[in-house]
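Subject: Structure handover

Hello,

Here is the structure I promised you. Please open it next to this email and follow along.

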Amino acid sequence: MKDIKVSHQIVDTDAQWVLDDDFVSPGVDQVKIRQAVLMILEAIGDDPHREGLKGTPERVARMYAEIFSGMHQNPADVLATRFHVDHEEVVLVKDIFFYSLCEHHLLPFFGVAHVAYIPKDGVVTGLSKLARLVDLFAKRPQVQERLTNQIAETLDQELAARGTFVMIEAEHLCMSMRGIQKPNSRTVTTTGLGMLKTDSVIRQELLRSIR
Ligand SMILES: [Zn+2]
C-alpha cells in the first residue's frame, strides 16, 4: 500500500472547508482532489465560484475518497475469515452488482460479477466475502479484464482453491456517453484457474448455472 501524505493546506481563500470524517479514506488526499476539480471547472470555461458549483469540488473529493476506497484496502484481509465444511463442489455467487471506474476515462462501468470456486480440503470463506472482494477491486481505477483476473487470482491464492472462475458482464459509459456512443452494449470477461480452467465438463456445468 502506498503511503500518501495528506496535506491540509487549503490554497483557495474562500474555502471554509473541513474534511468530512465519514468519508475520509486513509491515503486519499481530498484537499488535492478538491484543487484539481476547481482547476477542471476553470479549464472548461466555467466559474467554479458561481452559485450552482459552490461545494462541488468538496463533494467530488468526498465522493472520490469513497469510490476509490479500494486503493488502500488489502484484499487478503477480506478473505481472512475461513472455516471448514464438508464440501468439495462448486460454490457460486451470481449477480454481484458492482460499480467501478475505467482507468482510461475515469467514467463508470457497472454490471454484475459471478464468482465461483471449488474448495480444497473443505476450506471456504463467507459468501458475503466474495461480494466484498468484488467491491474492493472495483473501487480502484480499473479495466474490466484486470478486475476479473484480480478477483480470481486472489481467491486462488488465499483459499488455495482447486479451481476459481470469475465472469463479469458490464456496460461502460465511456462507450455509451462518448466515443463510439453505443449504449447497452455489454462486455463479458472471464478468468478460470485450476480445475475451472482445465476441466471442461465442470466448467460447462458452471456456465449453465450462471445462465
Ligand atoms: Zn474508458
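**Confidence first**

The protein averages a pLDDT of 90, and 89% of the residues score at least 70. (pLDDT is the predictor's confidence in each residue, from 0 to 100.) Over residues 1-16 the pLDDT is below 50. Beyond near neighbours in sequence, that stretch has 17 contacts in the model; two residues are in contact if their C-beta atoms, placed from the backbone, lie within 7 Å. Where pLDDT is low, the predicted coordinates should not be read in detail.

This is a predicted model: local features need pLDDT of at least 70, side-chain atom pairs count only at pLDDT 80 or more, and totals for chains, interfaces and linings use all residues. Residues are numbered from 1 along each chain as its sequence is written.

**The sheet**

Five strands form an open sheet with mixed pairing, in the order β5-β2-β3-β6-β7. The edge strands, β5 (141-142) and β7 (187-194), each pair on one side only. Helices (H or I, at least four residues) and strands (E, at least two) are DSSP runs, numbered from the N terminus. Two strands pair if DSSP finds at least two bridges between them.

Now go strand by strand.

- β2 (residues 91-102) and β3 (residues 108-118) are antiparallel, over nine bridges. Val 91 has Tyr 117 as its bridge partner. Five residues separate the two strands of this hairpin, and Leu 106 in the turn has a positive phi of about 55°.
- β3 and β6 are antiparallel too, over ten bridges. Ile 118 stands opposite Gly 163 in β6.
- β6 (residues 163-172) and β7 are antiparallel over eight bridges. Here Gly 163 stands opposite Gly 194.

**Helix α5**

Helix α5 covers residues 144-159. Its buried residues include Leu 147, Ile 151 and Leu 155. A residue is buried if 20 or more other C-beta atoms lie within 10 Å of its own, exposed if 12 or fewer, and partly exposed in between, with C-beta atoms placed from the backbone. Just after α5, Ala 160 takes a positive phi of about 50°.

**The core**

Which residues touch the most other members of the largest nonpolar core? Among its 29 residues, they are Ala 113, Val 115, Val 134, Ile 151 and Val 166. (A nonpolar core is a set of buried Ala, Val, Leu, Ile, Met, Phe, Trp, Tyr and Cys residues joined through C-beta atoms within 7 Å.) β2, β3, α4 (127-138), α5 and β6 each supply at least two residues.

Best wishes

Technical notes:
The expected span of a helix is 1.5 Å times one less than its number of residues.
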